[in-house]
Amino acid sequence: MFCFVLVMVLMGCCCSAKIYKVGDSKGWTTAKHGSYYEWAKLKKFQVGDSLMFEYDGNINDVTQVSSRLEYQFCNSLSPKAVYNTGHDVVTLMEPGYHFFITSNRSQCVAGHKLVVFVVHDHPMIPPPPPPRKILPLGKDYKVGDSNEWRVPEESDFYSKWSEEKQFHVGDNLLFYYNDQVDDLLEINSDLEFKSCDTTSPVAVHNAGQDLIRLTKPGIRYFITSKIGHCEAGLKLRVVVQPLSKSVPKKMQLSPFDPELLSTSQDDPYYKKTETLSDIIRYLPYQILHLSIIAIVVIFMLVIHKFVLLDMSELDNKVLNTNIKQTGAKHGYPIVI
C-alpha cells in the first residue's frame, strides 16, 4: 500500500512538471534586447520544469552561467554547463535565478540571453527575494571614463585618473575595451607593473567588458599583454582603502555640561541614561550638582533671615523714636 501511494505521488509530481519551448515558435535564435525577458516574465517556472532550446547548432549554443555578472557582461569563460546539440532540454532542479547566454558574444550583447526565476511548487513557501545589487555600498568606476581602456595619448593618463579618486573596499572597476585590440591582466607587484611583465598574471580578462571587485585594502595592478601598449601607458595602479567607518568622537564632559544637566527630551543637549554603567558614571556629577543647589538654597535662607532681623530692629528703633517725640511734644512721661 505504501509503495502504491509513493508511486502515485511520484507520478503526480512528474505529471505536474511543464516543458517550456524557449522563444515559442521563434526558438533560441538571434533576438533583440528584452525579447526573452518579455517571454519569461509571463510564465511561472517551478522546480522540476524544463526549458527546451531549439536552434541551429552550427551557429549557436546554450551556455549556462552561474552569476548575474557573467550574464550581464556576456562572459562565457567559466560556464556552469554548455549545450550544443541544437535541441537541448534543461531541467530546472533548484529554486532561484538561472542564467543562459550564447557563447557568440556579439549575439549575446545584442540580446540573445535568458534569465528565469524558479520557485518551489508549494504555496506556503514564498519565493526567494531577487538578488541584491552588487555591493550596494560601493561605487562603480568606469576606468578611463570616456577614454575607456585603450592606449592613451599621454603615458601618465591612467596614473592621473587614479590619483584623482579615492577607492574603497566594496567599489567596482569597470573596464570597457575592444577585445580584438586589447585585453586586461592583473599582476602582483610594483616591479611587474613598472616593467610591464606579463609572465605571471594573477588573472586574465578578455571579454571586452570586465568588472573587477575591490574586495580588500591594498594596491591592485592592471596592465595589457599587447606588445607596446603597456609601455605606451595602458596600465593602471589602484590604491584601495578600507571601508570608512564614522566613529563619533568621545567628548570630555564637565559637571556643568548642559548635556548632563538637561532633563528635557526636547532639549538638543538631552542625554538619555540607558545602562547601569551610565548611571554610575554620571552619579558623581549629579550629586555635585544637587549639592551646589542645596548650598545655594541654604545661603539664600541665611541671608534672608539676617535681612529680616535687621529690618525688625530698624523698625523698633524707628517706633521708639516716634513715641519719644510724640510724648515729649504733649508733655507725657515716656517709659520704654
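**Disulfides of the chain**

Cys74 is buried, as is Cys108, where buried means under 20% relative accessible area, with exposed over 50% and partly exposed in between, using a 1.4 Å probe and protein chains only. This is a predicted model, in which local features need pLDDT of at least 70 and side-chain atom pairs count only at pLDDT 80 or more, while totals for chains, interfaces and linings use all residues. Residues are numbered from 1 along each chain as its sequence is written, and side-chain values use heavy atoms, with hydrogens and water left out.

*Count and pattern*

- Taking a disulfide as a pair of cysteine sulfur atoms within 2.5 Å, the count comes to two disulfides.
- When bonded cysteines are counted along the chain, the disulfides follow the pattern 1-2, 3-4.

*Cys74 and Cys108*

- The sulfur atoms of Cys74 and Cys108 are 2.2 Å apart and form a disulfide, and this link is left-handed, with -85° about the S-S bond.
- Because Cys74 lies in the loop between helix H3 (68-72) and strand S5 (81-83) and Cys108 lies in helix H4 (residues 105-109), the pair ties together parts that are 34 residues apart in sequence; helices (H or I, at least four residues) and strands (E, at least two) are DSSP runs, numbered from the N terminus.

*Cys196 and Cys230*

- Cys196 and Cys230 form a disulfide with their sulfur atoms 2.1 Å apart, and the torsion about their S-S bond is about -80°, so the disulfide is left-handed.
- Cys196 counts as buried at 12% relative accessibility, and Cys230 is buried with a relative accessible area of 1%.
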